[in-house]
Amino acid sequence: MFYLNFKKSLVVMVSLLFLLTLMTGYGFAEKGSTIKVGLLGAMTGAYALYGEALPGAEFVFSEINASGGIKSMGGAKIEWVYADTASSSTKVLSEMERLVDAEKVDAIIFSSPTSEVMAGASLYDKLQIPVISTIATSEPLFKYNLKYWRMLSIPSDEYGVSVIKWLKSLSDEYRVKVKRIAIATAEVPWLLTYLEYEKEELKKLGLDKNIVLDLKYSDKSELEGMASILLKIKASNPDILIVNDAASTFPHYWRAAHNIGLYPPVTLYALTAIAYPRARAILGDDLMMRHVVSKPVFFGTIAHENTPHKAYQNLQKKIVPWVTKKGRKMNDFIYINAQAAYAFVKVWEMKGTKDPKVVNDALRELEIPDGDPALVMPLFRPSLKWLPNGKVLNARLPCAQWQGSLKDHKVELIFPKESRTAKPILLPK
Amino acid sequence: MYSLDIWCQSILMGLAIGGIYALVASGLTLAYAVTRQLHLTHGDFLAIALYVCFLLSSSLAIDPYISFFITAPIFFGMGILVYLFVIRPLQGAGTLLTFQVFLGLVLILENTLLVIFKSDPRLADSFIALNLVHFTDSIMLGLPQAIALIASTVIGLGCFWMLRSTDFGRAIRAVSEDAEAASLMGIKVPRLRMVVFGLAFVLIGISASLVAPWWNISPQKGLDFTLFALIIVIIGGMGNFAGALIAGFIIGVLRAVSGLLFGPALALIIPYAVLLIIFIIRPQGLMKGT
């Protein structure tokens with residue numbers, strides 16, 4: 001009797017095992033499993049600002065987990081593990097290999113400058129784990145046509161083109177004079193790339209002959225060095241001044257402008273740092289009021305807080321208190337990492353698997369249109385998608401202007417026109 | 001070419017920054033004259049003084065111009081301590097050992113500042129930070145720069161007068177000429193060296209108060225300050241106070257004017273180029289060193 005029962009049980013067990021194996025082949029085994037994501041970035045050192053933005057992805061994953069996980073995978077939870085490159089390109093390869101070999105991650109979000117993203121170039125396709133690198137402009141990687149790497153930021157050409165689009169719009173819409181254009185650029189590789197694209201765009205518009213000054217300066221210039229540069233600009237008497245400034249020279253730029261009395265009719269300032277409270281802390285309210293707030297100074301902004309965009313506003317409402325509660329610093333790059341996380345979540349939901357190849361193929365084809373709750377960064381409108389070489393499409397640097405007072409942090413969005421929160425003011429008549 | 005206004009503006013800015021170079025370098029040259037040792041952490045202490053101004057301004061709302069009354073005695077004491085615990089033990093030690101000790105100190109000081117203040121640039125705000133002095137409609141100078149120019153000139157000339165016309169000054173000159181002979185004449189050389197070191201540090205404190213409202217400071221700046229002060233000391237003539245003052249102003253103006261003529265990148269190498277030329281045509285410096 002016992003023998004028969006045992007035999008029956010064995011048959012049942014073997015049948016069950018067979019069925020289970022069959023189900024695995026069709027992906028059913030992923031029900032209730034976990035997905036592990038590597039959050040790689042420069043978390044310490046000179047580029048810590050990049051890595052400090054990684055919690056944006058952590059926030060999205062915790063939200064998804066709290067709302068039941070990835071539903072198409074039977075509520076699969078997302079786990080994440082941080083890895084620090086310590087702002088050193090030499091650590092990128094070892095940290096990536098550790099994430100893939102030891103931590104067994106299924107995807108990587110990589111928040112570091114271009115130099116570090118470049119350092120990992122030899123591994124992306126070798127490891128065959130989908131990587132989205134954020135914030136870095138990553139220009140040098142496009143030519144490699146990497147399959148497993150996507151970038152999520154504003155590419156250098158878009159920076160340059162965006163600034164000239166602001167100029168064109170100001171000229172067309174508000175009749176701002178563009179007869180004399182002066183350009184000053186800090187000698188940093190990516191800023192020099194912006195400059196190339198700015199000049200190319202000006203050429204397309206037939207405005208290249210209006211460039212009266214094209215000045216480059218060291219990103220290590222001190223106050224007196226900046227004053228000499230700005231004296232040259234003052235002497236060139238421009239209608240429009242385009243400044244591709246570096247974070248290291250930005251306090252000197254504004255202070256020197258004040259000291260020599262440089263007040264161009266319109267300044268297009270590509271550096272986004274001027275939009276944030278941190279700028280006030282560095283420049284002081286008085287200088288901000290005299291030279292930025294009460295002057296026609298237009299600048300780039302990655303994620304303007306008043307942007308009329310539902311998904312972005314929703315995210316902002318939740319993420320700011322979350323970051324503050326965690327005792328971390330809020331910066332705009334956090335939104336970009338959140339966007340990268342949403343792109344992965346979208347693909348996992350769509351495909352119902354964490355299989356790196358399937359996920360990667362889906363990412364390459366992915367298009368998140370505006371209106372989809374997964375498109376949280378308005379700067380990627382009308383839709384977030386990538387070119388085959390990993391370059392993001394449709395990224396445009398929005399333009400903002402301080403208006404009103406510093407107290408209310410009144411930075412208004414000027415371009416693109418469809419997102420405008422206020423008209424540009426203080427333009428020359 | 002540029003208009004006269006632009007040139008005048010450039011020269012004025014050069015004079016203002018040159019005054020500060022002169023003040024910092026004159027402290028360094030004074031200390032060298034009596035100890036025969038180049039104090040290679042001079043710039044780092046200027047960075048520390050700037051951070052003290054920043055802290056007093058940001059936490060106690062003490063204007064940098066007022067904070068001098070706090071920094072001066074602190075830095076006088078600090079100068080004495082540096083003399084007693086660093087300079088004096090190193091007297092007679094070989095150049096290599098001295099250099100290694102100073103290099104170690106530079107690294108310790110810079111990294112300590114980095115740990116405490118991070119690498120963000122800081123600025124001590126002053127109530128006159130954005131006031132301008134208009135010479136004409138288009139020639140202007142920031143009031144803090146104008147104050148720096150006037151104060152550094154007055155203080156430099158005052159120190160020069162002190163060295164020329166007071167017993168204390170004569171004692172300093174005697175020690176710088178021949179310490180042994182000065183000692184035989186009854187001058188207490190160790191004490192005088194200690195006090196001179198304290199005074200050199202007071203000059204650092206004054207310089208910090210004068211530039212804190214318009215110089216952004218970060219921990220890595222210390223070595224730059226030291227290098228610049230060294231160049232000026234060598235150009236002026238090692239240990240020659242007047243030489244350091246004059247060389248400071250010359251370098252300031254040359255940098256500003258060359259920045260306008262050749263661009264800021266070339267302006268950065270002008271002091272080094274001047275140094276090389278001086279080495280070739282007048283190795284003793286603009287004025288004869290002690």
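1. Contact here means heavy atoms within 4.5 Å, and among the contacts in chain A with a separation of 6 or more, 68% are between residues 24 or more positions apart. This is a predicted model, in which local features need pLDDT of at least 70 and side-chain atom pairs count only at pLDDT 80 or more, while totals for chains, interfaces and linings use all residues. Residues are numbered from 1 along each chain as its sequence is written, chains are lettered from A and ligands numbered from 1 in the order in which they are written, and side-chain values use heavy atoms, with hydrogens and water left out.

2. Chain A has 15 helices and 14 strands, where helices (H or I, at least four residues) and strands (E, at least two) are DSSP runs numbered from the N terminus. The C-alpha trace of chain A spans about 105 × 40 × 40 Å along its principal axes. Of its 429 residues, 57% count as buried, a word that stands for under 20% relative accessible area, with exposed meaning over 50% and partly exposed in between (1.4 Å probe, protein chains only).

3. Within chain A, the axes of helix 14 (residues 333–351) and helix 15 (residues 356–365) come within 10 Å and cross at roughly 115°; axes are lines fitted to C-alpha atoms, for helices over the stretch in contact, and angles run from 0 to 180 degrees between N-to-C directions. Helix 14 of chain A and helix 15 of chain A are therefore roughly perpendicular, on a scale where angles under 35 degrees count as roughly parallel, over 145 as roughly antiparallel, 65 to 115 as roughly perpendicular and the rest as oblique. Helix 14 of chain A contributes A:Ala343, A:Phe344, A:Val347, A:Trp348 and A:Lys351 to the contact, and helix 15 of chain A contributes A:Val358, A:Val359, A:Ala362 and A:Leu363.

4. Between the chains, helix 9 (residues 223–236) of chain A packs against helix 10 (residues 241–262) of chain B at an angle of about 40°, with the axes 9 Å apart, which makes helix 9 of chain A oblique to helix 10 of chain B. The residues in this contact include A:Leu231 and A:Lys232 from helix 9 of chain A and B:Arg255 and B:Leu260 from helix 10 of chain B.

5. A:Glu58 belongs to helix 3 (residues 55–66) of chain A and, leaving aside its neighbours within four places in sequence, is in contact with A:Leu39, A:Trp80, A:Tyr82, A:Trp322, A:Lys326 and A:Arg328. A:Lys310 lies in helix 13 (residues 310–325) of chain A.

6. Some backbone features deserve a check. Most residues other than glycine have a negative phi, and most peptide bonds are trans. The peptide bond from A:Arg381 to A:Pro382 is cis, with omega near 5°, and A:Pro382 is found in the loop between strand 11 (367–369) and strand 12 (383–385) of chain A. A cis peptide bond also joins A:Phe415 and A:Pro416, with omega about 5°. A:Lys104, which is not glycine, has a positive phi near 55°; A:Lys104 is in the loop between helix 4 (92–102) and strand 3 (107–112) of chain A and counts as exposed at 57% relative accessibility.
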